[in-house]
Amino acid sequence: MAAKKPVKKQPAKAKPKTEKRSLRRRVVIFFLKLFLWLFGLSILSVIIFKFVPVPFTPLMITRALEQKEAGKEMTCSHDWVPLEDISTNLQKAVIASEDGNFLRHNGFDFKALAYAYESNQRGKKLKGGSTISQQTAKNVFLWQGRSYLRKGLEAYFTVLIELIWGKERIMEVYLNSIEMGDGVYGAQAACEHWYDKDAKSLTKYQAAGIAAILPNPRKFKASNSSSYTNRRKDKIVRVMRHIGKIDYDSGK
């Protein structure tokens, strides 16, 4: 019986160059469409929140999950009120403590950033240098943490809200969404929590108390405060005296 000749395997045919180019083209088109969709959604969300109250923020969700993991009750006090129902004392207090050039810059305070960088290089306590506009963009649209991607998106959304919202709306969203205590978000909820009163009736010193705890609102207390927080309150009140009348149209 004749031995069978081994069957030679045919070498796999290389994919035609046209097919490879077609695959690359489909991938490029997919990511281009994804980019355009994300770009469109970001513009749309900023336009919507120019008129509609922000119902919740990524930080609120993060804090609730942290509370659940720690076995605590999930709490989130958040009552949206228009800016005219928030005391100008609180508006001045956050400008005095967080962003002295808020009414003059276009979203970024490069002098403050340079000062923060120099202070950090000298080994002093770390300073951020973020403006109220940057903090608002981060709180409303982005996740917490430090990365070049998040900082890049923060800058992008900061430009958008400065162009589309304007200063008055930025302040309104900021004061209604910022963390002002453990599970407490926004001016109205904070005033009820710390002082048992409405946001419209804050005194200068009470407003300074809320502004003083913003760097770490889960650690510090706006009322029955430590000596450190009381010193911050006194400093904020002194700076508030030099702010004068707030004119949100002055930067236009």
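Predicted model: local features only at pLDDT ≥ 70, side-chain atom pairs only at ≥ 80, totals over all residues.
Local features need pLDDT of at least 70 and side-chain atom pairs count only at pLDDT 80 or more, while totals for chains, interfaces and linings use all residues. Residues are numbered from 1 along each chain as its sequence is written, and side-chain values use heavy atoms, with hydrogens and water left out.

Let's start with the overall layout. The protein has 10 helices and 3 strands, where helices (H or I, at least four residues) and strands (E, at least two) are DSSP runs numbered from the N terminus. Along the sequence they run α-α-β-α-α-α-α-α-β-β-α-α-α. An unreviewed UniProt entry puts a "transmembrane region" at residues 27-52; such annotations may be inferred rather than shown by experiment. In the model that span is 96% helix and 0% strand, and its end C-alpha atoms lie 37 Å apart.

Now for the inside. Take helix α5 (residues 132-141): 9 of its 10 residues are buried, so it is largely enclosed by the rest of the structure. Among them are Ile132, Gln134, Asn139 and Phe141.

Next, the salt bridges, of which there are 8; each is a side-chain nitrogen of Lys or Arg within 4 Å of a carboxyl oxygen of Asp or Glu. Glu154 pairs with Arg150 at 3.0 Å, and both sit in helix α6 (residues 148-164), 4 residues apart, about one turn of the helix. Glu154 is buried at 3% relative accessibility, and Arg150 is buried at 5%. Other bridges share partners, joining Arg63, Glu66, Glu179 and Arg218 into one network.

Arg218 and Glu66 form another bridge, at 3.5 Å.

Asp79, Glu192, Asp196 and Asp198 form a negative one, with Asp79 in the loop between β1 (77-78) and α3 (88-98). Lys204, Lys235, Arg238 and Arg241 form a positive one, and Arg238 belongs to helix α10 (residues 227-240).

Conventions. Patch = residues over 30% accessible without salt bridge, like charges linked within 9 Å, V, L, I, M, F, W, Y side chains within 5 Å. Areas by Shrake-Rupley, 256 points an atom, 1.4 Å probe, with all protein chains shown as cover. Lys, Arg positive; Asp, Glu negative; His and termini not counted. Charge placed at Lys NZ, Arg CZ, Asp CG, Glu CD. Buried < 20%, exposed > 50% of the residue type's maximum accessible area, 1.4 Å probe, protein only.
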